[in-house]
There are 2 protein chains.
Amino acid sequence: MITNALMLHCGLSWRPGFGLLFRRVSRLWSVYASALIGQIMNLKTLSEHLGLSQTTVSRALNGYPEVSEKTRQRVLESARKLNYSPNARAKGLATGKSMAIGHVIARSSRHEMVNPVFGDYTAGAGESYSAAGYDMLISLVDDDNEEQFYRAIKSKGNVDGLIVHGPKMEDTRIDLLSSLGLPFLSHGRASNVTRNYAWLDVNNCRAFQRATEFLLDLGHRRIALLNGLEFLDFAHRRRQGYIKALAGRGLEPEPALMRSDEMTEIYGYRETRAMLEADDPPTAVLCSSIISAIGVRRALSDAGLTMGRDVSVITYDDDLSYMSNGQEVPIFTATRSSVREAGRLSAQMLLDMIRNPGLPLPTHLMEADLIIGQSTGPAPNHT
Amino acid sequence: MITNALMLHCGLSWRPGFGLLFRRVSRLWSVYASALIGQIMNLKTLSEHLGLSQTTVSRALNGYPEVSEKTRQRVLESARKLNYSPNARAKGLATGKSMAIGHVIARSSRHEMVNPVFGDYTAGAGESYSAAGYDMLISLVDDDNEEQFYRAIKSKGNVDGLIVHGPKMEDTRIDLLSSLGLPFLSHGRASNVTRNYAWLDVNNCRAFQRATEFLLDLGHRRIALLNGLEFLDFAHRRRQGYIKALAGRGLEPEPALMRSDEMTEIYGYRETRAMLEADDPPTAVLCSSIISAIGVRRALSDAGLTMGRDVSVITYDDDLSYMSNGQEVPIFTATRSSVREAGRLSAQMLLDMIRNPGLPLPTHLMEADLIIGQSTGPAPNHT
DNA sequence: TTGAAAGCGCTAACAT
DNA sequence: ATGTTAGCGCTTTCAA
């Protein structure tokens with residue numbers, strides 16, 4: 001019966017000149033509607049309940065100036081009372097915005113998500129988004145059909161912008177996304193990409209240079225570098241910093257001491273063992289990831305070596321919260337709070353880009369914190 | 001000019017009887033369209049390009065049977081070649097589905113995201129989603145207006161279902177979501193909720209019972225429990241397990257040894273110091289969180305105590321990858337891979353619910369792994 | 001086997 | 001200050 005009343009109204013409203021009748025029916029209808037909390041609450045229902053047009057209600061709700069204050073209050077109160085909130089898909093379809101930002105994680109580099117740092121970054125970004133009324137959409141992608149995925153995300157249109165994680169030295173995504181016209185910000189830079197793009201990065205080069213210099217100052221001369229895959233930009237920059245520090249003391253980097261692979265635990269273990277068993281083993285290890293560092297520690301332990309006395313270890317991509325224990329394990333680190341801040345800031349930058357499409361693309365370089373503990377000791381005498 | 005042609009076609013297509021002309025214009029148009037890769041690719045453009053109706057194209061794309069195989073192939077090939085993928089908002093508006101699942105994180109329990117376990121859970125869930133063509137939408141919510149948020153998420157309609165994280169003993173969200181008719185699965189149970197709901201949980205009670213029994217077997221009698229906030233269901237269950245184990249040996253739980261608060265590092269530090277300074281300090285600590293465990297270790301270190309010799313520590317919510325170091329710190333844990341499996345499974349269960357709304361609500365209880373290392377030693381003699 | 005047309009819930013240009 | 005109307009891009013009856 002209620003349905004009938006509704007249909008009737010719809011039928012009439014298409015024709016002009018029935019304003020009065022329309023009002024009458026509406027009022028009648030509103031009697032039913034009051035008993036209808038929990039019913040489908042959309043703009044139509046709400047406007048019928050109020051005896052106003054959808055347009056006016058929409059305007060009142062979206063803060064347009066041409067609505068009388070009295071009407072606006074009435075509308076706002078009703079909306080609140082009836083728990084109305086606009087259907088995001090319909091709104092998006094009408095406005096062309098989706099009020100969501102996508103974070104794309106490549107599937108092969110699945111460890112990215114498992115990386116403890118990811119949670120903190122995400123938390124930071126989430127804060128910015130929720131403050132601005134945006135949602136955060138996370139997708140895992142198999143990286144063999146990445147290009148297709150980005151094209152799809154553009155035409156699917158369920159995000160207004162994208163954060164790109166883990167850029168490679170020459171990352172094709174940057175050109176692709178630029179040409180697609182989908183606003184994006186890269187978390188990390190891509191050294192071999194010349195075009196302009198928005199990014200936020202940690203100064204990986206400086207970080208590893210300082211860490212290496214610190215070890216050199218302690219007297220270490222054989223410093224191993226356990227790096228990530230060096231086609232990934234951050235890993236490349238870390239090696240640059242390492243080499244730069246050595247060069248500053250007139251030292252040549254030794255290939256046998258530089259390893260590069262996916263940063264798993266077993267990788268850290270395997271490479272450390274191999275280096276320890278070789279002639280002239282390293283007295284210090286500079287490790288690019290907390291995960292691999294666990295392997296490093298296992299290997300040292302297996303070899304009967306004590307960290308900070310026999311071999312110094314500095315780990316990056318790590319944090320006091322995870323590493324510090326009773327022994328005050330030493331750290332060189334992007335702290336959890338700074339990672340969260342990076343997330344917050346990236347999101348903010350991207351939202352700004354979306355809101356002011358005209359402005360030059362923002363970039364930001366963060367310095368990494370340096371925290372040193374007891375496991376980084378002077379080079380042992382036998383060296 | 002192209003625009004004109006397009007408008008013309010639109011104008012004509014509203015009237016019947018112009019089929020022939022329509023075809024002609026379409027063919028003409030398709031010549032332009034071939035030069036138009038990169039143009040707005042929507043169903044309309046695509047169908048015009050093919051000289052077919054939107055209906056037929058849609059049917060071909062969505063696998064409806066009443067399309068000729070020849071047509072279907074032509075459509076599919078064109079769609080692929082022109083990088084067409086349907087607009088998610090429009091599709092959603094038309095179908096009433098959004099092909100996205102929401103994960104809601106309460107803001108006050110922000111540490112949930114920062115919890116290293118969160119990343120693994122999310123990674124697992126993400127795998128299930130991407131395999132099924134779903135997106136994952138993460139929102140941070142201030143928990144003072146949570147109810148309003150859930151109502152909004154329902155009528156905004158940008159997710160087809162929800163994963164609820166960190167349920168409380170009596171969690172109002174479960175009743176709310178049930179009554180809203182929004183499919184959801186709770187990661188964890190809510191002991192005081194009697195209605196049926198879908199959940200996946202780790203057997204927290206058994207886990208802590210076993211850990212406590214393990215310490216009791218080593219001769220410990222004064223075992224501290226550093227628990228989370230006990231209105232959170234998992235924390236409550238952990239205490240149950242702890243008490244059950246003590247009761248099994250005829251021991252009364254001692255209030256001074258049972259602490260409960262938000263699981264921060266400083267909390268672990270503060271409470272451990274306090275207990276160590278009291279008369280008759282604990283010889284073992286059972287800690288509910290990796291984060292607080294760091295504080296525990298600091299406190300032990302400050303007091304000049306050695307873990308595994310003077311005081312044993314067992315940490316839950318933790319993992320080999322994070323905790324194990326050169327010293328082989330001991331662990332009692334839901335391992336990272338099992339957490340990821342929990343995420344994968346939860347997501348799968350929720351998707352199944354959505355696809356088969358008729359079936360009884362699924363539930364699943366996982367057992368926690370038990371891994372013990374050297375830092376859990378026998379009770380010292382001075383006890 | 002194909003097409004026309006209505007409708008999903010909203011916004012915005014255009015009346016009045 | 002308020003209302004009418006035409007889309008946004010898709011699915012889905014209904015008709016042919």
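Colleague: Which residue lies over the face of B:W199?

Modeller: In this predicted model, the ring of B:W199 has a residue over its face, with 4.8 Å to the ring centre. In chain A, A:R189 lies over the face of A:W199, also at 4.8 Å from the ring centre. For B:W199 the residue is B:R189.

Colleague: Which backbone oxygen lies 2.5 Å from a polar atom of the B:S186 side chain?

Modeller: The limit for a polar contact is 3.5 Å. At 2.5 Å from the side-chain polar atom of B:S186 lies the backbone oxygen of B:G188.

Colleague: How many aromatic pairs are there over all chains, and of which kind is the pair A:F149 and A:Y150?

Modeller: Over all chains the count is two aromatic pairs. The ring centres of A:F149 and A:Y150 are 6.0 Å apart and the planes meet at 85°. Planes over 60 degrees apart count as edge-to-face, so the pair A:F149 and A:Y150 is edge-to-face.

Colleague: What is the angle between the ring planes of B:F149 and B:Y150?

Modeller: B:Y150 is buried, because its relative accessibility is 0%. The centres of the B:F149 and B:Y150 rings are 6.0 Å apart, and the pair is edge-to-face because the planes lie at 85°.

Conventions. Residues numbered from 1 in each chain as written. Chains lettered and ligands numbered in written order. Predicted model: local features only at pLDDT ≥ 70, side-chain atom pairs only at ≥ 80, totals over all residues. Heavy atoms only, no water. Polar contact = N/O pair within 3.5 Å; in protein donor to acceptor, adjacent residues only side chain to side chain. Phe/Tyr/Trp six-rings, centres within 6.5 Å; stacked < 30°, edge-to-face > 60°. Buried < 20%, exposed > 50% of the residue type's maximum accessible area, 1.4 Å probe, protein only. Lys NZ or Arg CZ within 6 Å of the ring centre and 35° of its normal.
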